[in-house]
Amino acid sequence: MTVEKAAKELNLEEVLTPPEHTELQGGYTSDLLSDVMGNASEGEALITIQAHKNTVAVATLVGSPAIIICNARQIPEDMIQAAAQENIALYRTEENQFTVSGKLFRLLNSK
C-alpha cells in the first residue's frame with residue numbers, strides 16, 4: 001500500500017506530500033527517538049508526538065517514508081522544511097498513538 005493511500009484511509013491531515021508511489025511496509029510507534037533508531041525498520045511510518053526536526057533526522061536514518069504526528073501537536077516550520085529536504089511525508093492527526101497504530105495495523109493486514 002502506498003503512503004498516500006494509507007493516509008487517506010486513516011483520514012490524516014496532510015502536512016507534506018510524499019513522493020508518488022512511496023510504499024508503506026508497516027508502522028513503528030514511539031516517542032523515544034533512540035528507541036526508534038534501535039528498533040524501527042525501513043519502510044515503516046513513524047507514529048509519535050515528537051514534533052521537531054530531530055524526528056526527521058531519525059526517520060531518515062531508519063528509512064521511514066512518513067511521520068505521523070499525533071494528538072494534534074503543532075508542527076514547526078523547521079520540521080516541515082527538514083522533511084521536505086529528506087522526501088519524508090508528514091501528517092498530523094487529533095488521535096493518539098495507540099489509536100493510529102491500531103488503525104494502521106488493521107489497514108495493512110486487511111488483505
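Predicted model: local features only at pLDDT ≥ 70, side-chain atom pairs only at ≥ 80, totals over all residues.

Student: Let's start with H5. What is its span from first C-alpha to last?
Tutor: Helix H5 runs over residues 97-108 and reaches 16 Å from its first C-alpha to its last. That is close to the 16 Å expected for its 12 residues at 1.5 Å a residue.

Student: Which residues of H5 are buried?
Tutor: The buried residues of H5 are Gln97, Val100, Leu104, Leu107 and Leu108. They cover an arc of only 100° around the axis, so they sit on the same side of H5.

Student: Why would residues with gaps between them in sequence point the same way?
Tutor: An α-helix has 3.6 residues a turn, so residues three or four places apart point the same way.

Student: What covers the buried residues of H5?
Tutor: The cover includes helix H1 (3-9) and the strands E2 (26-29), E3 (44-48) and E4 (66-69).

Student: And which exposed residues are on the face turned away?
Tutor: Phe98, Phe105 and Arg106 are the exposed residues carried by the face of H5 turned away from its buried side.

Student: What caps the N-terminal end of H5?
Tutor: Asn96 does, with a side-chain oxygen 3.1 Å from the backbone nitrogen of Phe98.

Student: What is Thr48 in contact with, leaving aside neighbours within four places in sequence?
Tutor: Thr48 is in contact with Ser30, Asp31, Thr55, Ile67, Ile68, Ile69, Cys70 and Gln97. Gln97 is also one of the buried residues of H5.

Student: OK, salt bridges. How many are there?
Tutor: The count comes to 2 salt bridges. In one of them, the side chains of Arg92 and Glu13 meet at 2.7 Å, N to O.

Student: Where do Arg92 and Glu13 lie?
Tutor: Arg92 lies in strand E5 (residues 89-92) and Glu13 in strand E1 (residues 13-16), so the pair ties together parts that are 79 residues apart in sequence.

Student: How accessible are Arg92 and Glu13?
Tutor: Arg92 is buried, with a relative accessible area of 16%, whereas Glu13 is partly exposed at 39%.

Student: Which side chains meet in the salt bridge at 2.5 Å?
Tutor: Those of Lys103 and Glu95, with the distance taken N to O. Lys103 counts as partly exposed at 31% relative accessibility, and Glu95 is partly exposed with a relative accessible area of 25%.

Conventions. Residues numbered from 1 in each chain as written. Heavy atoms only, no water. Helix = DSSP H or I, 4+ residues; strand = E, 2+ residues; numbered from the N terminus. Expected span 1.5 Å × (residues − 1). Buried < 20%, exposed > 50% of the residue type's maximum accessible area, 1.4 Å probe, protein only. Arc of directions from axis to C-beta. Contact = heavy atoms within 4.5 Å. Polar contact = N/O pair within 3.5 Å; in protein donor to acceptor, adjacent residues only side chain to side chain. Salt bridge = Lys/Arg side-chain N within 4 Å of Asp/Glu carboxyl O.
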